[in-house]
Amino acid sequence: MTQTNHTHTSEEMATSTSFTHSFQGFQTQNYTTKIESFQDILYLDGKSIFSDGALSIGTSSSNPIYLGTDSNAHFKIETDGTINFLSGKMSIDGDTGSVGQVLSSDGSGNLSWQTVDFTQYAFSNIAVSGEVNIQASSTSDTLTFAAGSGIDIATSGSTVTISSDSTAHNTFKFIAPLDGAGSTSGNTITADSQNDTLTFVAGSGISLSFDENNDKITFEASQAGETNQNAITSIGVSGQSTLSASQSSDAINFDSVTDRNIVEISTDTANKKVNFKTKLPRTLSMSGRIPTRISDGTLSGMPINNHFINQSVSGTVSSGGTSSIGFSTRAVVCNKADGTVKKVPMPASSNNSLLFTLTEADGSTQQEFEIDMAESNI
């Protein structure tokens, strides 16, 4: 068969001889061969094939298509549609990717090389102290969490939340000392673990009893009475025997004798008081001092002492065979300018009082002070 040659050496469809490929710039009117069919035109030259219609390239009778360069086939479309890269190579817009990268799509048909971390960080064993380890039997094995008594397990996305449910009991993690009516010592006690134990120690005078059946602890004083209170166990009086309590609930009694020096004792239960009241005998006056104010303005008193005077009485014989009888009166004790002490007796008034007369510095003006000497009412 005779070969058909079409020669057009002056022009080609690529508009520049320096172009690597015709898509950099071309004109179809510079074709070498033109094949025109019913609707479409195919333009060919020694470098390019263009059609003004949809171009189809294929085979029939179960034959594949090969594409290659430099006399070697690099691309093959199998009859079942498989695309076979015979060279085993691929680049995306000149990028061949780096070691370990994979071809990835952005979902819009755009392809690129991407680095994917295939390292799987996972625990192959789950260990619980005192229990048998849980081991993963495959890369897709599933670890299942089971909620025990008092535990809730909830999932949200990739988060697992484990918490106590409404049946869990509230407990105290800290126990702190606090001064109330008594005293405390030491620091806050902190539970070191879930199974930690709080120990109660019975101190002096205290007994502890535990009732495990009724979940109770009883604190009791091991001695009768209030041993934690300060108390006077003995009462002493100079020259007398000491009174000592013989038991924790012993009582002390106050009493008054019935002789001439009577002390009246009364109790005030509402105010928790004991009142002592002295009743003076008729032989003693109620006054012991004359109220005075000294030069610095403070109150004081001039002492009044018993004063006995011997008086001769005819017709009587006193002890010792004399006729003198001692009379009792009251006298003011004064210090004279020379430093000697002088007892000054006082005359009686008509109303059972004593009269004390003072002479002022002018030597003539006198003032009388009436001192009440009324007896006690017994």
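Let me begin with three phenylalanines: F23, F26 and F50 are linked into a cluster by ring pairs. Rings of Phe, Tyr and Trp (for Trp, its six-membered ring) count as a pair if their centres lie within 6.5 Å; planes under 30 degrees apart are called stacked, over 60 edge-to-face, and the rest tilted.

The model is predicted, and local features need pLDDT of at least 70, side-chain atom pairs count only at pLDDT 80 or more, while totals for chains, interfaces and linings use all residues. Residues are numbered from 1 along each chain as its sequence is written, and side-chain values use heavy atoms, with hydrogens and water left out.

Now to the chain as a whole. The secondary structure comes to 26 strands and zero helices. Here helices (H or I, at least four residues) and strands (E, at least two) are DSSP runs, numbered from the N terminus. Of the 378 residues in the chain, 9% are buried. Buried means under 20% relative accessible area, exposed means over 50%, and partly exposed lies in between, with a 1.4 Å probe and protein chains only. The chain exposes about 31,300 Å², and carbon and sulfur atoms supply 50% of that area. Accessible areas come from the Shrake-Rupley method with a 1.4 Å probe; for residues, only the protein chains shown count as cover. Among contacts between residues at least 6 apart in sequence, 17% join residues at least 24 apart. A contact means heavy atoms within 4.5 Å.

Is S22 buried or exposed? S22 counts as buried, because its relative accessibility is 5%. S22 is placed in the segment before β1 (33-36). Leaving out residues up to four places away in sequence, S22 touches A14, K47, S48 and F50. F50, you will recall, belongs to the ring cluster with F23 and F26. S48 is found in the loop between β2 (41-44) and β3, and S48 is likewise buried, at 5% relative accessibility. Setting aside neighbours within four places in sequence, S48 is in contact with M13, S22 and Y43.

Two further serines have a positive phi. In S61 the angle is about 60 degrees, although S61 is not a glycine. S61 lies in the loop between β3 (49-51) and β4 (65-69), and S61 is exposed, with a relative accessible area of 65%. For S71, also a residue other than glycine, phi is near 65 degrees. S71 sits in the loop between β4 and β5 (72-77) and counts as exposed at 81% relative accessibility.

Strand β11 (residues 151-156) and strand β12 (residues 159-164) pair in the antiparallel sense over six bridges. Two strands pair if DSSP finds at least two bridges between them. A154 stands opposite T161 in β12. The hairpin of β11 and β12 has two residues between the strands, and there G157 has a positive phi near 65 degrees.

I return to the aromatic rings. F75 is partly exposed, with a relative accessible area of 22%, and F85 counts as partly exposed at 36%.

F200 and F219 form another edge-to-face pair, at 6.0 Å centre to centre and 70 degrees between the planes. Because F200 lies in the loop between β14 and β15 and F219 in strand β16, the pair ties together parts that are 19 residues apart in sequence. F200 counts as partly exposed at 38% relative accessibility, whereas F219 is exposed at 51%.

F172, I175, I189, L198, F200, I206, F210, I217 and F219 make a nonpolar surface patch of about 900 Å². The elements giving two or more residues to this patch are β15 (206-211) and β16 (216-221). Such a patch is made of residues with over 30% relative accessible area and no salt bridge, with nonpolar side chains (Val, Leu, Ile, Met, Phe, Trp, Tyr) joined within 5 Å and like charges within 9 Å. A salt bridge is a side-chain nitrogen of Lys or Arg within 4 Å of a carboxyl oxygen of Asp or Glu.
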